[in-house]
Amino acid sequence: MSGAGAAARRETARRPADSWTRALRERIERTVPPGQALPDRQPVFVSSWIYVFGVLTVASLVVVVATGCVLAVGGVAWWHVSSLGHFVNSLHLWSVELFFGFMVIHLWGKFWMAAWRGGRLLTWVTGVIAFVTSIGTAFTGYLSQSNFDSQWISAEAKDGINAIGVGAWFNVLNPGQMLLWHVVLLPLAIGLITVLHVVLVRRHGVVPPIDARDGE
Amino acid sequence: MSEVATHTPTRPRQTRPGRPHPVATRTPDSHSFATRPYDLVKEFVVALAVVALLTAALAAVFSSPDERSITMSGWAQAAPADVVATATSELAGTSVSATYGAPYNTASEGQKVLGIPLQKWGGVRIPVDSAALVLDPLTRAAADAPTKAALAAWRSAPAGTRTAWATAYGDALAKAPDGNPAAVASGSYGPVPVLAQSFLAVARSGGLEGQLAASGNFYGGDQTRTILLLSDGAYLEDTARAQQLGGDQWGMMNETGNYPGQPWMWLYTFWYQVAPFSTSDNADAQVWGLMMVLTLGLMFLPLIPGLRDVPRLVPVHRLIWRDWYREHPPVRRDRPAPKTGDEPGR
């Protein structure tokens with residue numbers, strides 16, 4: 001009987017078998033092995049500007065959320081009556097435009113890379129869900145502006161939402177409901193999906209080039 | 001490539017520049033490739049700084065649109081005949097909202113897609129009485145004697161008579177020059193002309209602001225009835241069309257002024273511009289149904305044979321990984337392999 005083996009058995013006996021904490025830690029370690037969450041090296045094939053657009057998308061999301069938080073401090077009508085508020089609204093608008101621009105380039109890049117290969121289907125699916133959820137979030141933002149755009153867009157959009165039978169639960173003519181979806185529910189959804197997407201990217205690593213061989 | 005290293009010490013690799021290899025039929029583990037230094041945190045911080053600066057520059061140069069909302073008073077000042085015609089149509093039950101169907105009323109079946117009445121299935125969960133859009137504000141306003149008498153006459157008349165009065169007055173307004181109430185031919189309109197004129201007066205004075213939103217509550221956050229009333233008139237749409245915001249003007253993705261709006265909604269907006277959707281009574285349901293199918297198609301594209309093979313067939317990937325392919329030129333296959341390796345699980 002070796003000393004190391006005895007020590008391991010003592011360590012096992014000391015740890016409770018039903019530890020939720022240990023189970024969670026081991027689950028996390030199985031999901032993203034140690035060192036893979038923030039590696040300081042990448043495969044040699046990661047050498048293209050297209051890789052930048054994923055991180056640019058996340059960076060834009062940070063700016064979108066930050067400028068939205070500043071708007072929230074001032075309240076719904078602040079940006080109509082304050083030049084500073086209007087500028088913050090402009091920051092919010094243009095960060096959203098950049099966010100979508102970068103995300104669409106990122107999506108096209110991943111398409112041409114067939115980035116779903118090698119067990120990465122869920123990574124692709126979460127990316128598409130993030131894209132669609134972002135469209136909904138931006139849309140509720142337009143409905144929450146409390147100006148002419150909001151009036152017209154809501155008047156037009158109600159027909160589409162009502163036509164599929166969900167207008168009573170997602171009432172685009174109710175700016176109070178739309179604002180809460182815009183600043184709470186949908187950003188929360190985007191945040192969770194983005195975290196899941198990034199975790200999956202880190203779990204599987206960057207997809208190798210098409211037709212590459214194992215360990216080339 | 002002096003800094004290239006293997007990631008997994010137990011599986012040493014070395015790159016073989018210039019050596020052709022047969023096309024792989026499965027996707028290798030990315031962790032099995034040689035690696036090089038890559039600073040993810042630095043990349044993110046630089047990206048954040050670039051985006052923040054770019055955003056600030058765009059905001060400073062282009063600002064953002066903020067055209068004031070239409071008020072009921074503004075509507076009454078700018079288009080009084082439209083307010084009178086709209087009020088009359090609400091009383092007659094002929095306005096768009098009065099004949100809408102779910103979720104506001106049961107006046108119509110609503111839209112269908114592939115014969116499925118999704119709109120009807122949603123049910124009437126936000127009941128809206130179109131006549132009440134006119135009568136409620138008049139009842140709450142400090143009305144003059146003629147208005148009180150008109151309200152009393154309206155309420156005491158049978159439903160068929162009310163509809164006949166309002167419909168006749170609506171038809172007469174449509175025939176009058178510019179819809180001018182003062183130019184309407186005489187007829188059997190009951191109290192409708194007085195009610196419509198009183199409604200215009202209340203709107204013009206600002207008495208309608210908040211009346212329909214509040215519904216007895218100090219905090220009126222829900223504008224459903226207000227926007228339904230406003231969009232039953234022509235003024236809102238006329239104002240929007242003047243700014244290229246109409247449904248057939250790509251309006252769903254545009255916004256006021258020369259701003260990009262929501263270009264990511266181009267495909268959704270596109271379908272409204274082309275037949276059969278542009279001429280269909282069920283266009284909204286059909287376009288939504290189509291977009292749902294297309295979204296699911298995009299989501300599960302990796303599972304669709306043919307579509308998932310497009311990236312392999314169109315060599316954009318050779319541009320993306322041109323450095324890697326320069327050093328690892330693939331060998332052309334004589335015959336197509338039974339599996340391409342593009343499947344998600346391979």
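Figure 1. D178(B) lies in the loop between α7 (159-175) and α8 (192-204) of chain B; helices (H or I, at least four residues) and strands (E, at least two) are DSSP runs, numbered from the N terminus. The structure is a predicted model, in which local features need pLDDT of at least 70, side-chain atom pairs count only at pLDDT 80 or more, and totals for chains, interfaces and linings use all residues. Residues are numbered from 1 along each chain as its sequence is written, while chains are lettered from A and ligands numbered from 1 in the order in which they are written. Although D178(B) is not a glycine, its phi is positive, at about 60°. Is D178(B) buried or exposed? D178(B) counts as exposed because it has 7 C-beta neighbours inside 10 Å. A residue is called buried if 20 or more other C-beta atoms lie within 10 Å of its own, exposed if 12 or fewer, and partly exposed in between, with C-beta atoms placed from the backbone.

**Figure 2. A tryptophan of chain B with positive phi.** W250(B) is located in the loop between α11 (235-241) and α12 of chain B. W250(B) is not a glycine, yet it has a positive phi of about 60°. Because 18 C-beta neighbours lie inside 10 Å, W250(B) counts as partly exposed.

**Figure 3. Cis peptide bonds in chain B.** A102(B) and P103(B) are joined by a cis peptide bond with an omega of about 5°. P103(B) belongs to the loop between α3 (80-92) and α4 of chain B. A cis peptide bond also joins A275(B) and P276(B), where omega is about 5°. The loop between α12 (266-271) and α13 (283-299) of chain B holds P276(B).

**Figure 4. The surroundings of L118(B).** This residue, L118(B), is part of helix α4 (residues 118-122) of chain B. L118(B) is buried because 21 other C-beta atoms lie within 10 Å. Which residues does L118(B) touch, not counting residues up to four places away in sequence? They are A163(A), I164(A), G165(A), V113(B) and A285(B). Two residues are in contact if their C-beta atoms, placed from the backbone, lie within 7 Å. L118(B) and R26(B) stand 92 residues apart in sequence and 44 Å apart in space, C-alpha to C-alpha.

**Figure 5. The buried side of helix α5 of chain B.** In α5 (residues 132-140) of chain B, the residues L133(B), V134(B), P137(B) and L138(B) are buried. These residues are on the same side of α5(B) because they cover an arc of only 120° around the axis; the arc is that of the directions from the helix axis to the C-beta atoms.

**Figure 6. The contact between chains A and B.** In this interface, 85 residues of chain A are in contact with 97 residues of chain B. On the side of chain A that touches chain B, β1 (41-43), α3 (52-74), α5 (83-112), α6 (121-143), α7 (148-163) and α8 (175-204) each supply at least two residues. Which element gives the most to this side of chain A? The answer is α5(A), with 15 residues. By class, this side of chain A has 47 nonpolar, 26 polar and twelve charged residues. Here Ala, Val, Leu, Ile, Met, Phe, Trp, Tyr, Cys and Pro count as nonpolar, Asp, Glu, Lys and Arg as charged, and the others, Gly among them, as polar. The predictor assigns the complex an ipTM of 0.90 and a pTM of 0.88.

**Figure 7. Strand pairing between the chains.** Over three bridges, β1(A) pairs in the antiparallel sense with strand β2 (residues 34-37) of chain B; two strands pair if DSSP finds at least two bridges between them. Opposite R41(A) stands P37(B) in β2(B).

**Figure 8. The two domains of chain A.** The domain assignment gives domain 1 (48-99) and domain 2 (114-208) of chain A, with bounds from an automatic or database domain assignment. The centres of domain 1 and domain 2 of chain A, taken over C-alpha atoms, are separated by 16 Å. Eight residues of domain 1 of chain A are in contact with six residues of domain 2 of chain A. On the side of domain 1 of chain A that touches domain 2 of chain A, α3(A) provides the largest share, five residues. The residues of that side divide into seven nonpolar, one polar and no charged.
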